[in-house]
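Hello,

Here is the structure I said I would pass on. My notes follow below it.

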Amino acid sequence: MNVIETSGLGKRYGGTWALRECTLAIPAGHVAALVGPNGAGKTTLLNLAVGLAAPTAGIVTVLGGKPAGSSAALDGIAFVAQDTPLYKNLSAADMVHLTRNLNRHFDQHYAETRMGELGIPLKRKAGRLSGGQQAQLALTVALARRPRLLVLDEPVAMLDPIARHDFMASVLTAAADDGMSVVLSSHVLAELERVADYLILLSRGRVQVAGDVDDLLTSHRMLTGPAAEAGRYAERPVVHARRAEAQAHLLVRATPDDPVPPGWEAHPVSLEELTLAYLREPGAAALPGPARGRDAQPSEVTK
Amino acid sequence: MTIDKEDSASAEGGRRPASPIEFRLDPGSGVPTYLQLVHQVEHALRLGYLKPGDQLPKVRDVVSSLAINPNTVLKAYRDLEIKGLAVGRPGQGTFIQATLRQVALPELTALSRSLSGWLTAADGAGLDEDGIVALFTSALRDFYERRSGPRTRGGAASGETEGVA
């Protein structure tokens, strides 16, 4: 089952396409990270998937083919938006009460237990809780709906390191407990490798990379060797090249079993390295199916 | 990525650590997270922190303490099962099944002494510490490659290089 599936999806605001020709399928059972530069269309894609916006073109379905925004879809999805929105003048207890009354399914016991574990004072107004506590409160009311898919837009951007760690631990523990799928957008690349096992890279409103993280990591390598020979690999699927006078680093699509050219060294790449390489080369792509990276013409960055 | 129900239920019930070890992560090491967990179990086995019958940390506990993907922990435990070091018991968790081959102390002392001799020779030949490490690592890799053919994916992904001279 795919938790989010889109086909030719597009959204135009006025004369600007925030997202266009977006076709992807995010399988269930993953923590999927949506990555891309500012303005790439991440928030637009998430808003379309949770039914907060209507597409200008194309189709988006969730949880195995349910139209986004339909009541069947909404029952199974919880969404925490970018700034973890809460009614700042309501107490934490009232926030829980409100959410329970606005939803068909709500696990009151779970919500109360979690608030107790987190030590969130129930009588305090939401606006007066710490940033970390506000994020945890928003997450708690989302999780108490017992969603099959949790969608998070930049969940940790505003949090300090400890609050960030605790927030992600809560999300991942919930995923471990009942097999909930997670789709989150993030700028914090260094944390992705620990958290995400599926990656979608959006660039200029289009999907540039999509796939299982392990598959992506084993299908890319960093080749280091003499700069003079770097040109020899022009016909190979080079994603990104960095070149100094003597030495060149080429991030190529290759498996650990592929032969390494004489005089060159091959290193495994980290998810952060891989993501940065693609972000710097908007023309390159790694998508499921035929290796489209082979067609990409990388521009060389001279250092 | 659903974990056994009893597993999470018991983790909520008694909050005391059921396993003799706890994992940590080194984000700067470049070693994939699941391999770091595998290495730490192997290390604990060699040093005697873990012995057959001991329980490994519950998946849920590892996820919540390290904030890592549950599939990563499952992958590490599956790897340990394939190596024959651990066994999963449905509804209970993952347990140590075998121990790594350990060398008796007198033999260890003798090996250490001959290595010291070699180090003295390397130092005398003008190699510094980094040079010694590089030479040893490359000799070690050649040794195991000759013995068992090309390295598997796990080995290659652990941050080693496959330089060709």
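In chain A, 69% of the contacts with a separation of 6 or more are between residues 24 or more positions apart, a contact being two residues whose C-beta atoms, placed from the backbone, lie within 7 Å. The model is predicted: local features need pLDDT of at least 70, side-chain atom pairs count only at pLDDT 80 or more, and totals for chains, interfaces and linings use all residues. Residues are numbered from 1 along each chain as its sequence is written, with chains lettered from A and ligands numbered from 1 in the order in which they are written.

Of the 303 residues of chain A, 49% are buried (20 or more other C-beta atoms within 10 Å of the residue's own). Beyond its neighbours within four places in sequence, Val182(A) touches a set of residues by the contact criterion, among them Val31(A), Ala32(A) and Leu150(A).

The C-alpha trace of chain A spans about 70 × 40 × 35 Å along its principal axes.

In chain B, the axes (lines fitted to C-alpha atoms over the stretch in contact, with angles from 0 to 180 degrees between N-to-C directions) of helix α2 (residues 33-47) and helix α4 (residues 70-82) come within 8 Å and cross at roughly 45°. On the α2(B) side the contact includes Tyr34(B) and Leu37(B), and on the α4(B) side Val73(B) and Ala76(B). Helices here are DSSP runs of H or I, at least four residues, numbered from the N terminus.

Regards

Key: Buried ≥ 20, exposed ≤ 12 C-beta atoms within 10 Å, placed from the backbone. Helix = DSSP H or I, 4+ residues; strand = E, 2+ residues; numbered from the N terminus.
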